Amino acid sequence: MHGSTALISLIVPCFNEQHNLDALYRRLIEVMSAQPLAFELILVNDGSTDQTLQAIQALSRQDKRVRYASFSRNFGHEAASSCGFELARGDAAILLDADLQDPPELIPQMIERWQQGAQVVYGKRTSRSGESLGKRATSYLFYRLLNRLSSTPIPADVGDFRLVDRVVIDHFNALPERNRFVRGMFSWVGFRQEAIPFTREARHQGETKYNWLKLFVLAFDAVTAFSVSPLRLCSLVGLLVTLASFSAAIVVSLQKIFWGMPIPGYAFATAGMFLLGGVQLLFLGMIGEYIGKIYTQVQGRPLYIISETEPSKESTGEPQGAGD
């Protein structure tokens, strides 16, 4: 379906990955040199505090196929991924991490599936080397919970590693939301999608940039971006608590009136007040999360600010089709 003149864009978000870039570049060049397709490598420096930018600049000077953009500060992996798709000029783009946990050797299979008609080809992890049991368990539960809550089916055990056709890229770039969950957005746009199973390796060097707090924030963003079920759950629990409280009040009143039972109820009332207060605060926080996302969206700030690119120029990450 796609001829040998097609261009493939390789997109790699980078945050403090100076020790992984040379190995990543060598493996990508080795893989892509065996393909009869032109390619470009887009490295997005997400406000790194080490020598990542200098390493990227050295690769860009060494190889004209290497393009880069450097953010003015750290805007996050989702923003860096979105920037890469905005900059991609290829007929298809492949998003992968810089830590070599996404094996470049899988790229030829992705390209083959794309040439056979698939418009999104994503890597599905069958095992995860170098990760703790706790992280594997929480990841497993996250995807299952997200799919139970979301109206958009999101493939389980799938990260950002994927090939995306130009048609899908254009629709993705037109999505205006600021709070982004990239893998969920690609599921939402649809089109013909296929999976390739692979074993996710341990990081080549360094440590993951996602601690438990960042993973929790990402998971919460994913759930609230693709589901209003938490709000409905708040309404349901509120109804149940109201019914339980009303029933308890009737029982206590009947016992007092007809049986004359002494019911001081101080402990019961205090516990009930704390319970209702905690439930109210929890639900207010949940509602506030959605309101906060509305506030962020209405502000209309760009996803990112590019301080340096090749050729050097300033730019912002205003999503296409976002409007005024």
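**Close-up views of a predicted chain**

**View 1. Ser81 sits in helix H3, residues 77-87.** Welcome to the first stop in this predicted model, in which local features need pLDDT of at least 70, side-chain atom pairs count only at pLDDT 80 or more, and totals for chains, interfaces and linings use all residues. Residues are numbered from 1 along each chain as its sequence is written, and side-chain values use heavy atoms, with hydrogens and water left out. Helices (H or I, at least four residues) and strands (E, at least two) are DSSP runs, numbered from the N terminus. With a relative accessibility of 0%, Ser81 is buried; buried means under 20% relative accessible area, exposed over 50%, and partly exposed in between, using a 1.4 Å probe and protein chains only. Setting aside neighbours within four places in sequence, Ser81 is in contact (heavy atoms within 4.5 Å) with Ile11, Pro13, Leu95 and Val182.

**View 2. Val66 belongs to strand S3, residues 66-71.** Val66 is buried too, at 3% relative accessibility. Not counting residues up to four places away in sequence, Val66 touches Tyr25, Leu41, Leu43, Leu59 and Ser60.

**View 3. The largest nonpolar core has 39 residues.** Such a core is a set of buried Ala, Val, Leu, Ile, Met, Phe, Trp, Tyr and Cys residues joined through side-chain atoms within 4.5 Å. Which members touch the most others? They are Ile8, Leu10, Leu43, Ile94 and Ile111. H1 supplies the largest share of this core, with 8 residues. A second, separate core holds 27 residues, including Ala80, Phe85, Val182 and Met185.

**View 4. Helices H1 and H4 pack at about 40°, with axes 10 Å apart.** Axes are lines fitted to C-alpha atoms, for helices over the stretch in contact, and angles run from 0 to 180 degrees between N-to-C directions. H1 is therefore oblique to H4; angles under 35 degrees count as roughly parallel, over 145 as roughly antiparallel, 65 to 115 as roughly perpendicular, and the rest as oblique. Leu28, Val31 and Met32 of H1 meet Ile107, Pro108 and Ile111 of H4.

**View 5. Asn16 and Leu100 have positive phi values, although neither is a glycine.** For orientation, most residues other than glycine have a negative phi. Asn16, with phi of about 55°, is in the loop between strand S1 (7-14) and helix H1 (21-33). Leu100, with phi near 70°, lies in the loop between strand S4 (92-95) and helix H4 (107-115). Is each one buried or partly exposed? Asn16 is partly exposed, at 21% relative accessibility, whereas Leu100 is buried, with a relative accessible area of 2%.

**View 6. Stepping back, the chain has 10 helices and 9 strands.** Of its 324 residues, 44% count as buried. Among contacts between residues at least 6 apart in sequence, 81% join residues at least 24 apart.
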